[in-house]
Every structure is written in C-alpha cells, then in structure tokens.
Amino acid sequence: MRKNIVLTGVGGQGTVLASKLIAAAAMKKGLPVMSAETIGMAQRGGSVFSHLRIGEGIASPMIAKGEADLILGFEPAETVRMLPYLKEGGQVVTAVRSVMPVTAALAGGNYSGEEMLEYLRGKVPNLLTVDTDAAIQELGNPKVVNVVLLGAAVRSGALGLTVEDLKDVIRERLPEKLHEINFRALTYITES
C-alpha cells in the first residue's frame, strides 16, 4: 500500500490527532510513514494541515501538488484550499460544517461554507460530504468529529485502513474513558 493523504482543517478540530491515529495504524501494519504538519496557527483558529505519506520508497514527508490520493477536510474552505494537492481520480472526504475564519469574524463578514461545498461538488468527482452537525447531535460530543471523518474515509476506500486498524490505535493512544464514544464515532454514518 502506498498513500498520500492531506488532512486539513482549523485549529481545535482534531486534525493533528487524526493524522497521528492514521500514522500509528499504518505503522502497526508495518508500513513506513512520513508526516509533516503546519500547526502554528492552531491555537488561533487558523489553518492547520498535515501531509501524511504511507508506503515504501518515500523520500520526503511533503506531498507534491497533484499527488494526494485523499484529502480529508474538516472544514469546507480549508478543503478547497488544499484541492491543488489532489491527484486526478483522488478522493475528497469533507465535513459540511463550516467554521468562520478569524479574519472574517473580526471584519464582520458572513461565511456559511455552502459556496465552498458547491465549488467542491462541481470540481471533485469523488466527493463524500459528511454531515458532522448530525453526528455531533446524535453522539453528543463535538470533539469526536475528527473520528467521524476518519470512519467516512475508511468507508470511501481511499484511506487503505480498516475500522479495526483504527480501533486498535484508539485503544492504545486515547484514555479508556474515551474509547466507547470514539468507537461509535468511527462507525457512525453521516454522509450528506
């Protein structure tokens, strides 16, 4: 298996944790993993993204434009921002829930994310949108949206991992009190 995955979102959405869970699951399968993250703006609600490369023969953690097999988007505008990395025929899995950028909020701007979703629908043949608001309502915890998105990526087939692969690393890396809610999030189907 060889995969190039870009994870993108806004600080505080769990993008980095999702990247670390994928990397740990791949390493447990004996696969080489390289990653690079931009998290400097994470505490300010700014853009966060991770490049994650899995498989043999990888010399750099950075994914070239047009080479990503999967973009896992936690916010529609951030997903659009990373589209140049998607390879032809690649898969995009994105949350439909928007997060207003700090700059727009400070300027009194209006942003719903719907225009970004329409753009994605028009440009990406392999698009899976996930109703994360419904997941939050049913699961009762907004902090598991990252794991809901991981489950959707598994179902898309583009992640190259299974639900059981991810459950194993959740057991190892998260406190036991968080296992049940994350297992429910991983198997929750919220495609919109």
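Does Asp165 count as buried or exposed, and at what relative accessibility? Asp165 counts as buried, at 15% relative accessibility (buried is under 20% relative accessible area, exposed over 50%, partly exposed in between; 1.4 Å probe, protein chains only). The model is predicted: local features need pLDDT of at least 70, side-chain atom pairs count only at pLDDT 80 or more, and totals for chains, interfaces and linings use all residues. Residues are numbered from 1 along each chain as its sequence is written, and side-chain values use heavy atoms, with hydrogens and water left out.

Six strands form an open sheet in the order β2-β3-β1-β4-β5-β6, with mixed pairing. Its edge strands, β2 (33-38) and β6 (127-130), each pair on one side only. Neighbouring strands are turned by 15 degrees against each other on average, direction ignored. Strands pair if DSSP finds at least two bridges between them. Helices (H or I, at least four residues) and strands (E, at least two) are DSSP runs, numbered from the N terminus. Strands β2 and β3 (residues 47-54) run antiparallel and are joined by six bridges. Val33 stands opposite Ile54 in β3.

Helix α6 (residues 145-156) packs on the sheet. It touches β4 (68-73), β5 (86-95) and β6, contact meaning heavy atoms within 4.5 Å. The direction of α6 makes about 145 degrees with that of β5. Axes are lines fitted to C-alpha atoms, for helices over the stretch in contact, and angles run from 0 to 180 degrees between N-to-C directions.

Helix α8 spans residues 179-187. Its buried residues are His179, Ile181, Asn182, Phe183, Ala185 and Leu186. They pack against α5 (132-139), α6 and α7 (163-173).

The structure holds ten salt bridges, each a side-chain nitrogen of Lys or Arg within 4 Å of a carboxyl oxygen of Asp or Glu. One of them joins Asp165 to Lys29, with the closest N and O atoms 3.3 Å apart. Asp165 lies in helix α7 and Lys29 in the loop between α1 (15-28) and β2, 136 residues apart. Lys29 is partly exposed, at 44% relative accessible area.

Asp133 and Arg97 form another salt bridge (2.7 Å, N to O). Asp133 lies in helix α5 and Arg97 in the loop between β5 and α3 (102-106), so the pair ties together parts 36 residues apart in sequence. Asp133 is partly exposed at 39%, and Arg97 is partly exposed at 40%.

Glu114 and Arg121 also meet in a salt bridge (3.0 Å, N to O). Glu114, Glu118 and Arg121 are linked in a salt-bridge network.
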